[in-house]
Amino acid sequence: MGAFNFTHSDPSTFILTGIPGLEAAHIWISIPFSTFYIISLLGNFTLLSVVGKEQTLHKPMYLLLCMLALTDIATPTFVMPKALGIFWFNLKGITMAGCLTQMFFLHTVSIMHSATLVTMAFDRYVAIYNPLRYATILSNEQIAKLGLVSLIRAVLFILPLPLLLSKLPFCANRIIAHTQCEYTAVVKIACGDITLIRRYSLVLMFVVMGFDLTLIALSYGLIIRAVLRISSKNAHQKALNTCTTHICVMLTYYTPGLFSILTYRFGQGIPPHVHIILADLYLLIPPMLNPIIYGIRTKELHDKVGKYTCCRR
């Protein structure tokens, strides 16, 4: 395939290398990556379409699923077109503005995704602990407001990162050993003092993930206590099934995310291509699995998806 040349001397251009050491396998690596991406788009757009068409699904729980689906569509979409361009056409150049923009949207959506999972945990807590007041506490309007708050929080937390990076000088070659403008990869090529931005990113990680995970753990602790008090076996089982579904989704998001962060911070002996593949899979696997998990484990949604699938056939 034709190569597109970008001069390293261009001060406005960065070079994304793809996966260092595996350049010869880029085409083969692109096959599972593009497959995961297509499956995630199909699954999440199907979920959005079904919930949008079915009035009976216009409830807070399903609106939260739609918010999750939107973040699951956006997350890989900010990365995969460029990554596939590198794999297929050797399109490695990206402007500094484009790189910082990709970083901003990628991390903003990640924080929104985390906030949505927190809201979903609270939603299940209210539904199980205080079902009679559920419609009052969590209406569709309240969910929309919480979504707006999540967006504002994400923007305010992430905006300083690209702003601080834009003030730094970068090394002459401007080569980013990655498929994306991921924060840690971009910081490595900065030649100025990165003390402030490193401290801010560490505080951000601990505040956002620590706060969100604490709220989720607290919600599910209260949920488990409430479930254990339910006398009806059917209600008990239904509550547990709903919680299990949410916990599966949270594990698919937070577990690889924490693992990826820890390998970057403390896994100096791990080859760079392993770091990059893990970072890419973290953006692909959860968005692909989430609609599948909810489609299988949420009976009402499963029935509606089956209804539309059968109708099309």
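**Burial, pockets and cores in a predicted model**

Author: Strand β1, which covers residues 13-16, contains Thr-13. Strands (E, at least two residues) and helices (H or I, at least four) are DSSP runs, numbered from the N terminus. The model is predicted: local features need pLDDT of at least 70 and side-chain atom pairs count only at pLDDT 80 or more, whereas totals for chains, interfaces and linings use all residues. Residues are numbered from 1 along each chain as its sequence is written, and side-chain values use heavy atoms, with hydrogens and water left out.

Reader: Why does Thr-13 count as buried?

Author: Buried means under 20% relative accessible area, exposed over 50%, and partly exposed in between, with a 1.4 Å probe and protein chains only. Thr-13 has 8% relative accessibility and therefore counts as buried. The C-alpha atom of Thr-13 is separated by 8.9 Å from that of Cys-99, 86 residues apart along the chain.

Reader: What makes Ser-30 buried or exposed?

Author: Its relative accessibility is 2%, so Ser-30 counts as buried. Ser-30 belongs to helix α1 (residues 26-53). Neighbours within four places in sequence aside, Ser-30 is in contact (heavy atoms within 4.5 Å) with Leu-84, Phe-87 and Trp-88.

Reader: How do you know whether the end-to-end distance of α2 agrees with its number of residues?

Author: The expected span of a helix is 1.5 Å times one less than its number of residues. The 18 residues of α2 should therefore span 26 Å, and its end C-alpha atoms are 26 Å apart, which agrees. Of these 18 residues, 15 are buried, and α2 is thus mostly covered.

Reader: What makes a set of residues a nonpolar core?

Author: The residues must be buried Ala, Val, Leu, Ile, Met, Phe, Trp, Tyr or Cys, joined through side-chain atoms within 4.5 Å. The largest such core has 43 residues, and Leu-117, Ile-216 and Leu-301 have the most contacts inside it. At least two residues of this core come from each of α1, α2, α4, α9, α10 and α11, and α2 gives the largest share, nine residues. Apart from this core lies another, of 29 residues, including Met-96 and Tyr-183.

Reader: Why is one space called a cavity and another a pocket?

Author: On a 1 Å grid over the protein atoms alone, a cavity is a set of points where a 1.4 Å probe fits but cannot get out, while a pocket is an open set with protein on both sides within 12 Å along at least five of seven lines; lining residues have an atom within 4 Å of a point. Grid points are joined across faces, edges and corners, and a volume is the space filled by probe spheres set on the points. The largest pocket has a volume of about 820 Å³. Among the 34 residues that line this pocket, His-107, Ser-110, Glu-182, Met-205 and Ile-261 are the closest to its centre. Helix α10 provides the largest share of this lining, seven residues. The second largest pocket holds about 580 Å³.

Reader: How many cavities of 30 Å³ or more does a search of the whole structure find?

Author: The search finds one. The largest cavity has a volume of about 30 Å³, and α2 supplies the largest share of its lining, four residues. Residues of this lining include Asn-44, Leu-68, Asp-72 and Tyr-294.
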